[in-house]
There are 2 protein chains.
Amino acid sequence: MSDIGDDRGSDEIAAFEHSDIYAEDGSVRSDFLMHVGAAIADRDTIYLRQHVAGLHASELGDLLEAIQPEQRLALVSLLGKEFDLAALTEVDEAIRLDIVEHLPNEQIAEALGEMDSDDAVYILEDLDEEDQEEILAKLPFTERVRLRRSLDYPESTAGRRMQTEFVAVPPFWTVGQTIDYMREDEDLPDSFTQIFVIDPTFKLLGAVDLDRVLRTKRSVKIDAIMRDTSHAIPAEMDQEEAAQLFEQYDLLSAAVVDDNGRLVGVLTIDDVVDVIQEEAEEDFLRMSGVGDEELSDTITGASRSRVPWLFVNSMTACVSASVIGLFDATIQQIVALAILMPIVAGMGGNAGSQTMTVTVRALATRGLDIHNAPRIIRREAGVGLLNGLIFGTFIGVVAGLWFQDVHIGGIIAAAMLINMMAAALAGILIPLLLERSGADPAVSSAVFVTAVTDIIGFFSFLGLATWWFHVT
Amino acid sequence: MSDIGDDRGSDEIAAFEHSDIYAEDGSVRSDFLMHVGAAIADRDTIYLRQHVAGLHASELGDLLEAIQPEQRLALVSLLGKEFDLAALTEVDEAIRLDIVEHLPNEQIAEALGEMDSDDAVYILEDLDEEDQEEILAKLPFTERVRLRRSLDYPESTAGRRMQTEFVAVPPFWTVGQTIDYMREDEDLPDSFTQIFVIDPTFKLLGAVDLDRVLRTKRSVKIDAIMRDTSHAIPAEMDQEEAAQLFEQYDLLSAAVVDDNGRLVGVLTIDDVVDVIQEEAEEDFLRMSGVGDEELSDTITGASRSRVPWLFVNSMTACVSASVIGLFDATIQQIVALAILMPIVAGMGGNAGSQTMTVTVRALATRGLDIHNAPRIIRREAGVGLLNGLIFGTFIGVVAGLWFQDVHIGGIIAAAMLINMMAAALAGILIPLLLERSGADPAVSSAVFVTAVTDIIGFFSFLGLATWWFHVT
């Protein structure tokens, strides 16, 4: 979350190599942690200023996450004004809140004033309204207005994620004027890759990449080299949608505009990378019925995020159990069925979850849409048939040999084939239907797919057996 | 995969708004597809040149994926030299190979010569050696050497992904000289965000961001404003590791250096975003036992990528079934056990896969390491105990009422508690142990976790029942 090529950061890292801090496996080195721990215990501010204060914000963030919870506040207070608040944009929410709550509002306000607005907003947005107001009140007028504007946009929009510092020039300036302006103005953003072109009302007219400025003669007018900004992002746009534009058009940064087409900020690729990571993580966790959970959550917090899915699953498990209950007489006569039935249901569940995973991912990356859905459905049905034949035969032979009964082998083979076809169709149709009906297929598909494969698995296997052996 | 702010692309998109091509849901608009389809059928090259040739490479890629397979080659051949080969970096591998195989090698060579080297390599690397050589032979000497060098680095390394076009200047140049050089040199990369500083042997000395160049007076020497390049990336570094450096330090581009510290190329954030997406996708698919599968794969291709996991699962399913077999006498006496046992195993499986998903994700993002592992293991055990108590009680009551038997209710409650604790421990310890032993926890965890929860679920439930009811 800190800024692109943040100058201060980059200059100071010079003193530390990545390998001074991180071990081979990417975790913070144990000996570094030991030294820091000892320095905290000894209140050795000299060591901490030399070896910790100069870390890059993300390194300091990793360090905060790696040390013991009780050491965190001590480290922050020992560093005092040398503590780089930008590190808080790199840690779990629980850790961030804990530290922010213990810092005096004055110190926070001062630090936020020096930060780029997107980082400042990232820290401010989690605070309760009272603290927010108190901190905002301590900021200079311009900064306060800028941060308020970002905070006014809903969470997860481009407006909330944007940085309000940018370079903008009028179209009639020459390249020479523009360069002179940048050489003299002290108030430029820490780093930037394009210059925006605006009219006197701040309406966005175009943009020029810095390499274009550098390649052009001083006398050329900006409007002669500016490019169209068809990828300007409305401030209300969802961050995920904005991220897809960045990915599709390989943008480094994009203008954020309000309803009137006026430039209000700039969205940068580093924030977009964070969004991409977050969204991928969300989909990943949701597939297994885990909510918005962080590693720093408590036992009750983590339990709460997982109970809903377990509850829904316990309901569907009871339904499948009642399907088995329909055939209790058959099971009593042929216990082999009870032994084998979890294989039918389980293999169906696995095949279904394979198809479902492919489908959910394809929907998320927009690889699957109405144009190719019929083809993909046919393909999945084909895969289900093929894998059903393979594993139906295999398990049929195993079961037939195990119980020395060719009938049982044939019945389980047929049931496997039926269930794996059903699994394939459920695996693709359920996410597609959920998507159509506006639900998030990543969240709810798994429950339904497992329910279908369990119910069809038990019903086909026990039903076929009851019919074949004429159990009444 | 096409380039950052690719000028040609950006200029031409001006003619098309994103919404002319894409519907609300992000798929290619049906009416656009219809028009294109009709134009292909009518061999209407005028329409295609006007409405398709000018599309951004990624838009053309989406179009190629959306039209019918048989229309693809027709579209490419109708576009002729107007077909932008960069679109091939945006489509599934199967589609890319199909199109490349049907294009004359001359046309490919010519198009590759105009492309940035990273895109050219992306297209070349999938071809068989013979075609590669034939195409390379048709390229000018410098380009050929550059592409060969990239292709010599192993797949998935920074060297393979890098772009070999970059701007490099000596440290004793002034800002003014550097700007003049950029104004005059015709051979600059399409776009760039930093200038590298090298000695006469190409050894990397530092880098300067373009905004820094623009802010600095003409008389200042480059070595006075260059920053240290401690994040230079060895060409042999795995692309995933490189992506982590980009994320951590919010890089836009980074120098790629050979063993002697000589600058050989530059890795850019757009390629890194692709890497991040690919890696997230890989982890996502692997969790469900789906291999490197693409939507365009055939039935047998998709089946092949899923059979291995299904096979391993059929083995573990047989093991769990044999655990049930140990208790066949008990089941014959109390059929309720057969009806209820899938609930115990299934709920354990779900709880285990929740913990496992959190663990695998935390390992992939390096949020979980030796420093916090003990704490997270304790937390997961706590969550398992808590959720085990909640759902043990719940299912115990349901089962007790269902079969009007308080003993069965008590037995299933105890078995659920045992299995959900086991699930929590398996869900965290199995991925951790796999990671320690060098295996990819995303691939193999699920099999083992499900096996553990099935076996412990069946054994605890049926075992407790056998003991309690004194079945012999």
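**Aromatic pairs and chain symmetry**

With a relative accessible area of 10%, B:Phe327 falls below the 20% limit and is therefore buried in this predicted model. B:Phe459, by contrast, counts as partly exposed, since its relative accessibility is 46%.

A pair of aromatic rings is described by the distance of the centres and the angle of the planes. Over all chains, 12 aromatic pairs are counted. In one of them, the ring centres of A:Phe166 and A:Phe196 lie 6.4 Å apart and the ring planes stand at 85 degrees, so that the pair is edge-to-face. This pair links distant parts of the chain, for A:Phe166 is found in the loop between helix H12 (158-161) and strand E1 (168-169) of chain A, whereas A:Phe196 belongs to strand E2 (residues 194-198) of chain A, 30 residues apart. A:Phe196 is buried, with a relative accessible area of 2%.

The rings of B:Phe327 and B:Phe459 likewise form an edge-to-face pair, because their planes meet at 70 degrees, which is over 60, and their centres are 5.6 Å apart. Here too distant parts of the chain are linked: B:Phe327 lies in the loop between helix H18 (299-325) and helix H19 (328-333) of chain B, and B:Phe459 lies in helix H23 (residues 441-468) of chain B, 132 residues apart.

As to the arrangement of the chains, chain B is superposed on chain A by a rotation of 180 degrees with 0.0 Å of shift along its axis, at an RMSD of 0.1 Å. The two copies are thus related as by a two-fold rotation axis. Of the interface residues of chain B, 99% are also interface residues in chain A, so the copies meet through the same surface.

Terms used: Residues are numbered from 1 along each chain as its sequence is written. Chains are lettered from A and ligands numbered from 1 in the order in which they are written. This is a predicted model: local features need pLDDT of at least 70, side-chain atom pairs count only at pLDDT 80 or more; totals for chains, interfaces and linings use all residues. Side-chain values use heavy atoms; hydrogens and water are left out. Copies are superposed by least squares on the C-alpha atoms of residues with pLDDT of at least 70 in both. Contact means heavy atoms within 4.5 Å. Rings of Phe, Tyr and Trp (its six-membered ring) pair if their centres lie within 6.5 Å; planes under 30 degrees apart count as stacked, over 60 as edge-to-face and the rest as tilted. Helices (H or I, at least four residues) and strands (E, at least two) are DSSP runs, numbered from the N terminus. Buried means under 20% relative accessible area, exposed over 50%, partly exposed in between (1.4 Å probe, protein chains only).
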